[in-house]
Amino acid sequence: MKIGRRRLISQTAGANRQPAERNATLTPTLQTAAALTVRNPVAPGISLDLLSTIIVDGLEDAKAEDIVTIELKGKTTLADRMIIASGRSSTHVGAIADRVRKACRDAGLPPLRVEGMALCDWVLLDACDAIVHIFRPDIRQHYNLEKMWGADRPGEVLKS
């Protein structure tokens, strides 16, 4: 049998190949208490503060601008911390994202999940406990994540 990308195909001598049938059944399994305990998804021994330091150092090394850190604990289950930064151009945003990925890899963290590298207007890096958004300045102004999540935007003063 040859396993195809989307289906299992049985090899026959003739030109007509028929998909092989699978008899798949779902069986429920009970989860043990150990399987349900919360584990650190990033890496053992890496605290949230250390993870943030690694990310912010990578951002600063790549000359990212207007770096803001927002605590998300108690606001959402997506992550515990959000880090937002800006790059001067699409090329700079891509270079910043690459530098942060390299810094995390050098620190022994598992590979970050990345979205938005095709256009580099807004790149999102998912480091499990921390989410990193890297924007071009006009895109950052448009989406206004700092206001949405409760932090002040760089260069703005709160009106009272």
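Predicted model: local features only at pLDDT ≥ 70, side-chain atom pairs only at ≥ 80, totals over all residues.
Me: Before reading any detail, what average pLDDT does the chain have, and where does the pLDDT fall below 50?

Reply: The chain averages a pLDDT of 78, and 66% of the residues score at least 70. Over residues 31-40 the pLDDT is below 50, and this stretch has three contacts in the model beyond near neighbours in sequence. Residues 156-160 also stay under 50, with two contacts beyond four places in sequence.

Me: How should I read a helix, taking H2 as the case, and which of its residues are buried?

Reply: One can begin with the span and then turn to the side chains. Helix H2 covers residues 48-61, and its 14 residues reach 20 Å from the first C-alpha to the last, close to the 20 Å expected at 1.5 Å a residue. Its buried residues are Leu48, Leu51, Ser52, Ile54, Ile55, Val56, Gly58 and Leu59. These pack against strand E3 (65-71), strand E4 (81-86), helix H3 (90-106) and strand E7 (130-135). After H2 comes lysine 63, whose phi is positive, near 65 degrees.

Me: Which residues of the largest nonpolar core touch the most other members?

Reply: The general idea is that in soluble globular proteins nonpolar side chains tend to be buried together. Here the largest nonpolar core has 25 residues, of which Ile55, Leu59, Val100, Leu125 and Ile134 touch the most other members. At least two residues of this core come from each of H2, E4, H3, E6 and E7, and the largest share, six residues, comes from H3. Isoleucine 55 touches Ile83, Val100, Cys104, Ala127, Ala130 and Val132, not counting residues up to four places away in sequence. A second, separate core of eleven residues includes Val68, Ala79, Ile84 and Leu145.

Me: Turning to charged pairs, how many salt bridges are there, and with which residue does arginine 81 form one?

Reply: The count comes to nine salt bridges. In one of them, arginine 81 pairs with glutamate 71, the closest N and O atoms being 2.6 Å apart. This pair links distant parts of the chain, with arginine 81 in strand E4 and glutamate 71 in strand E3, ten residues apart. Arginine 81 is buried, with a relative accessible area of 9%, whereas glutamate 71, at 39% relative accessibility, counts as partly exposed. Asp49, Glu71 and Arg81 are linked in a network of salt bridges.

Me: Where do arginine 113 and aspartate 126 lie, and how many residues apart in sequence are the parts that the pair ties together?

Reply: Arginine 113 forms a salt bridge with aspartate 126, with 3.3 Å between the closest N and O atoms. Arginine 113 lies in strand E5 (residues 113-115) and aspartate 126 in strand E6 (residues 122-126), so the pair ties together parts that are 13 residues apart in sequence. Arginine 113 counts as partly exposed, at 47% relative accessibility.

Me: Which residue pairs with aspartate 121 in a salt bridge?

Reply: Aspartate 121 forms a salt bridge with arginine 136, the closest N and O atoms being 2.5 Å apart. Aspartate 121 is in the loop between E5 and E6, and arginine 136 is in the loop between E7 and helix H4 (137-143), 15 residues apart. At 22% relative accessibility, aspartate 121 counts as partly exposed.

Key: Residues numbered from 1 in each chain as written. Heavy atoms only, no water. Helix = DSSP H or I, 4+ residues; strand = E, 2+ residues; numbered from the N terminus. Expected span 1.5 Å × (residues − 1). Buried < 20%, exposed > 50% of the residue type's maximum accessible area, 1.4 Å probe, protein only. Contact = heavy atoms within 4.5 Å. Salt bridge = Lys/Arg side-chain N within 4 Å of Asp/Glu carboxyl O. pLDDT = per-residue confidence, 0-100. Core = buried A, V, L, I, M, F, W, Y, C linked by side-chain atoms within 4.5 Å.
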